[in-house]
Amino acid sequence: MEIGFIGLGKMGFPMARRLIEAGHQLVVFDTRKDVVDKLVALGAQAGASPKDVADRVETIMASLPSLQASLEVATGTGGVIEGKRAKRFIDLSTVGSQMAVKIHDLLARRGIVQIDSPVSGGVGGAEKGTLAVMVSGPKADFELVKPALDVIGKVFFIGTKPGSGQTMKLANNFLSATAMVATSEAVVMGVKSGLDPAVMIDVINAGSGLNTASRDKFPRAVLPRTFDFGFATGLMVKDVRLAVEEMRSLGLSMEVAEAVGRLWEVIIRDEGAESDFTAAIKPIEKAAGVIVGSGGKGSHAAK
C-alpha cells in the first residue's frame with residue numbers, strides 16, 4: 001500500500017520502519033528532519049507537512065504524543081483534512097474516546113474516514129511488530145488497511161462506534177498503570193520488612209500475583225535501577241487521567257482508579273513528565289525509607 005506516516009517518535013519510527021521493510025511505500029513527516037532522513041535512507045519519501053502527505057496518499061497513519069497534536073495534525077490548518085487525496089486517517093495515538101469522536105466528526109465533513117487504532121506494547125512491541133492494535137471504524141475500511149496493521153502487531157477489531165478503540169486502550173493502560181504502582185507498594189513492603197526484592201519478584205512471577213510489572217518492568221528496569229523501560233511518566237499519567245475522565249463520564253464507581261490516579265499525580269510531580277514510568281517506585285521508596293534492588297542485588301535501607 002501507499003501509506004502516509006506522521007509522527008516518528010519512539011513508537012512511530014519503528015512502526016514506520018517495519019512498514020517499509022514489509023514493502024509498503026511510505027511518505028513520512030515529522031518536525032525533526034533527522035528521523036525523516038533515516039527513513040528516507042530506507043526507501044521512504046519525505047513529506048513537507050501533514051497536508052502534503054495527505055495530498056500524495058489516500059491512507060495516512062499518525063503516532064502522536066498528545067491530544068492537541070492529533071487534533072492539529074488531523075484537522076488543523078495544513079492538516080490531513082486539507083489533503084487532496086486523503087480518504088482515511090488511522091490514529092495510532094492514545095487520545096481518549098471524546099477526542100477521537102471530535103476528530104471523527106470533523107474529518108467526516110470532508111469525507112475522510114477516521115480509523116481509531118491505538119496500540120499497546122511499548123517500544124519493544126513496536127520494534128518487534130508485536131503490539132496489540134485496537135481498531136474501531138467502518139468494517140470495509142478496516143478490512144482494507146488490516147494487512148498494513150498486521151505488520152505492526154496483533155490486530156483486534158473492537159467495533160464500528162467512533163472512539164471504542166480508545167476506550168479499550170484506556171482500560172488496558174489503566175491496568176498497566178495499576179500493576180506498576182501496586183507491585184511497587186508490594187515489593188517496598190517486603191523490602192521494609194527485610195525480604196530480598198529479587199526473590200520476591202521470582203515468587204510473584206511463579207504465583208498468582210504475576211502481572212506485567214512483575215514480569216517485565218521490575219526485572220528489566222527497576223531491580224537494576226536503570227529506569228529505562230521506554231515509556232514516559234507523562235504519557236502514562238495522560239492515559240490514567242483519560243481513563244478516569246472516561247469512567248466519570250459513564251457515571252461509574254471507581255475507587256481503585258481514583259487511588260491510582262492520585263498516586264500517579266505524586267509520581268509526575270516528584271519524578272517529572274520525562275522520567276521513565278518505571279520510576280514510579282521512587283516516591284513509594286522515599287516514603288518508606290528504603291531502596292529496592294540497588295544494582296539488582298537485594299535491598300538496602302536508605303541511610
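Which side chain of opposite charge is nearest to Asp239, a residue that has no salt bridge? In this predicted model, local features need pLDDT of at least 70 and side-chain atom pairs count only at pLDDT 80 or more, while totals for chains, interfaces and linings use all residues. Residues are numbered from 1 along each chain as its sequence is written, and side-chain values use heavy atoms, with hydrogens and water left out.

The answer to the opening question is Lys238, at 4.1 Å. A salt bridge here is a side-chain nitrogen of Lys or Arg within 4 Å of a carboxyl oxygen of Asp or Glu. For charge, Lys and Arg count as positive and Asp and Glu as negative, with His and the chain ends not counted. Asp239 is buried, where buried means under 20% relative accessible area, exposed means over 50%, and partly exposed lies in between (1.4 Å probe, protein chains only). Asp239 sits in helix H11, residues 233-249; helices (H or I, at least four residues) and strands (E, at least two) are DSSP runs, numbered from the N terminus. The side chain of Asp239 does find a polar partner in the side chain of Asn173, at 2.6 Å. A polar contact is a pair of N or O atoms within 3.5 Å; within protein, one must be able to donate a hydrogen and the other to accept it, and residues adjacent in sequence count only if both atoms are side-chain atoms. Leaving aside residues up to four places away in sequence, Asp239 touches Thr94, Lys169, Leu170, Asn173 and Phe231, contact meaning heavy atoms within 4.5 Å.

Salt bridges do occur elsewhere, and the count comes to 14. Side chains of opposite charge can pair when their charged atoms come close. One of these pairs is Asp30 with Arg32, whose closest N and O atoms are 3.2 Å apart. Asp30 counts as buried because its relative accessibility is 12%, whereas Arg32, at 39%, is partly exposed. Another bridge joins Lys51 to Asp55, with 2.9 Å between the closest N and O atoms. Both residues of this pair, Lys51 and Asp55, lie in helix H3 (residues 50-56), 4 residues apart, or about one turn of the helix. An α-helix has 3.6 residues a turn, so residues three or four places apart point the same way. Lys51 is partly exposed, with a relative accessible area of 25%.

A further bridge links Lys87 and Glu58, with the closest N and O atoms 3.5 Å apart. Lys87 belongs to the loop between H4 and strand S5 (88-91) and Glu58 to the loop between H3 and strand S4 (59-62), so the pair ties together parts that are 29 residues apart in sequence. Lys87 is partly exposed at 42% relative accessible area, and Glu58 is partly exposed at 28%.

The loop between H10 and H11 also deserves a look. Arg225 is found there, and its phi is near 60°, a positive value in a residue other than glycine. Phe227 lies in this loop too and has a positive phi of about 45° although it is not a glycine. Arg225 counts as partly exposed because its relative accessibility is 24%, while Phe227 is buried, with a relative accessible area of 13%. Ala232, also in the loop between helix H10 (212-222) and H11, touches Ala273, Ser275 and Phe277 when residues up to four places away in sequence are not counted.

What covers the buried residues of helix H13? The cover includes helix H8 (164-192), H10, helix H12 (255-271) and strand S10 (290-291). The buried residues of H13 (residues 281-288) are Ile281, Pro283, Ile284, Glu285 and Ala288. Just after H13, Gly289 takes a positive phi of about 75°.

Leu71, in helix H4 (residues 67-75), is buried, with a relative accessible area of 12%. Leu71 and Ile103 are 32 residues apart in sequence, yet their C-alpha atoms are 6.4 Å apart in space. Ile103 is among the residues that Leu71 touches, as are Met99 and Leu106.
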